[in-house]
Amino acid sequence: MTSPNITSTDSMRHVVIPVAAVLAVLGIALSSSGYVVTLIGFAAIYGVFCTGLNFFMGYTGQASFGQNAFAALGGYGSAILTANYYWDPVLALLVSMVLSGVIAAAVGYPTLRLRGHYLAMATFALGLITYEISIEWNSLTQGYMGLSGIPPLGIGKYELVSEKHQLVVLTLVMLVGVWVSVRLRDSRFGRALRAIAGSEAAANALGINVARYKLAAFVVAAVYASVAGSLFAHFVGFISPEVFGASMVILSFTMLYLGGVGTTWGPIIGALIVSLLPEVLRGLKEMQDVVYSVVLIAILIFAPRGLSGLSVLFPRKQTGQTKQAEKNA
Amino acid sequence: MTVLSVKDVTVRFGGLVANDAISFDVSEGMLAAVIGPNGAGKTTLFNVISGAMAPTSGTVRFNGEVITGLPQYEVSQKGLVRTYQLVQLFKDLSVRANIMTGFHRVTKGGVLAALLRPRWFKEQEARIAARTEELLDFVGLRAVADMEADKLPYGQQRLLEVARALAAEPRLLLLDEPAAGLNMQETAALADVIQRVNSQGVAVVLVEHDMQLVMQIAQKIVVIDFGRKIAEGDPAQIKAHPEVIAAYLGGTEGLDD
């Protein structure tokens, strides 16, 4: 994708095949029972979340253990605005998005001066603080009880009452999310982010304002997380602090690294597999967790760049130039 | 006209004086070199000039403007672009993508432009792509353009770093030990590139150990030892300078070998 001349085989590999796969999964889900629909719906929501996280952790190469905070903001924002104040879900989602972006900018400005472990710890604290707030601010969030009665997605009078309708919308939102991420990646903005991941010293030397671009990546990731949170609230109709707890961080990290951090479709592949794997293994009863762990470890050993990295196994048509180059090297 | 003016730059690390009141000028289009034995304070001086480090006292002017104390990215944005002693490439990106990243300074557009892609954005991307191909040819890396930067042999990595810096269209290019670790052929290829860059009107300052390279291409040489400037002049003057000979070789041999 770095090549300016995108050949037809490239667009096959990067667009046509993955989108076809997503639609195939959607098709399978739509012709299955309600439970599969729910699972694939969760996978799509996590796909949105991880695509955003990938901006910060993949392209920009920074660690954030606190992106669940913004999913909580989106989820509670949508829940409160639609269930208590009868806002339109789309409007509530957009307002929560903006709010999350603004808060991410305000929180990120001081936090992103930290690096490495310190940044990871500070962002982790951000998630914990948000969790505590969602428990303690009873009048707004109803604490551990959670908020229920959240209407499904819809515009005006049109509500997506059936889960399958919602799944179609979730999948579309996810695909738009991926499309946006590709557009942002293949631009001056995206190149600046990848420069920071590659070498902050070099980025500086090329005139890239490292602090500003890190903050921008953090805000983008927060906006994606917020959308994921809002979608979750509408899809399930109920949220509680636990939904956006530390387990969300662990789950999303697993998805990101399993699928391939820093790749376009890796977060989506990871989200799908990590969502489905426990269900596939359910028949194994008490061995379930063991096999789950073994599968994860095996994938990380044999595909250290994530499952999307395995696409190199499929032969790519080489130009004479690259072959020559490899010989010279 | 003077592009770079270093005036009384002093850097102290606690009791250690790494740079002691160093002053020199570089005129427009000049190819200058800073040399000195290991630990003389060359890299510290370089870090001060490029904005990576603030001096204890003294000023650095670029195009007449004081740049001391500015963050490094702002110094770079003004057109003073540096490379590093240890190559700082974007390892996972292709050679071509590395160069494309270099255009940051001379292009514009953020998130919104990337999302909406107005016509100027597409034209800019097309210009970047075309210029990238030119630069690939300029440093002779076209054949390896699609390879990951990390997989290049060291000499080509150096050339790539120079090409990426050139993408930023510098007015002054600072090269920190560009020939370190290169064999003779690679050094020759690099010297050729540096001279061609300079002949296009870009001023170049290099810090270098490779005496042969410096004597061959530099028009002006600044010699520092123990943090002090001990000599300044053209290659012939430097070769004959007694203090330089003493600093480098203990005063027993000439610099020609």
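The expected span of a helix is 1.5 Å times one less than its number of residues. In this predicted model, the rule can be applied to helix H10 of chain A, which covers residues 210–236. With 27 residues, H10(A) should span 39 Å, and its end C-alpha atoms lie 39 Å apart, so the two values agree. H10(A) is also mostly covered, with 21 of its 27 residues buried. Just after this helix, Gly237(A) adopts a positive phi of about 85°.

The contact between the two chains was examined next. Chain A contributes 33 residues to the contact and chain B contributes 44 residues. Together, chain A and chain B bury about 3200 Å², and 61% of this area is on carbon and sulfur atoms. On the side of chain A, the residues that lose the most area to chain B are Arg188(A), Arg191(A) and Leu206(A), which together account for 24% of what that side buries.

One salt bridge is found across the interface of chain A and chain B. In a salt bridge, the side chain of Arg191(A) meets that of Glu125(B), at 3.0 Å from N to O.

Four helices of chain A give two or more residues to the side that touches chain B: H7 (163–185), H8 (188–198), H9 (200–205) and H14 (320–328). H8(A) gives the most, with seven residues. By class, this side of chain A comprises 16 nonpolar, 10 polar and seven charged residues.

How values were computed
Residues are numbered from 1 along each chain as its sequence is written. Chains are lettered from A and ligands numbered from 1 in the order in which they are written. This is a predicted model: local features need pLDDT of at least 70, side-chain atom pairs count only at pLDDT 80 or more; totals for chains, interfaces and linings use all residues. Side-chain values use heavy atoms; hydrogens and water are left out. Contact means heavy atoms within 4.5 Å. Buried area is the accessible area (1.4 Å probe) that two parts lose on being put together, summed over both. A salt bridge is a side-chain nitrogen of Lys or Arg within 4 Å of a carboxyl oxygen of Asp or Glu. Ala, Val, Leu, Ile, Met, Phe, Trp, Tyr, Cys and Pro count as nonpolar, Asp, Glu, Lys and Arg as charged, and the others, Gly among them, as polar. Buried means under 20% relative accessible area, exposed over 50%, partly exposed in between (1.4 Å probe, protein chains only).
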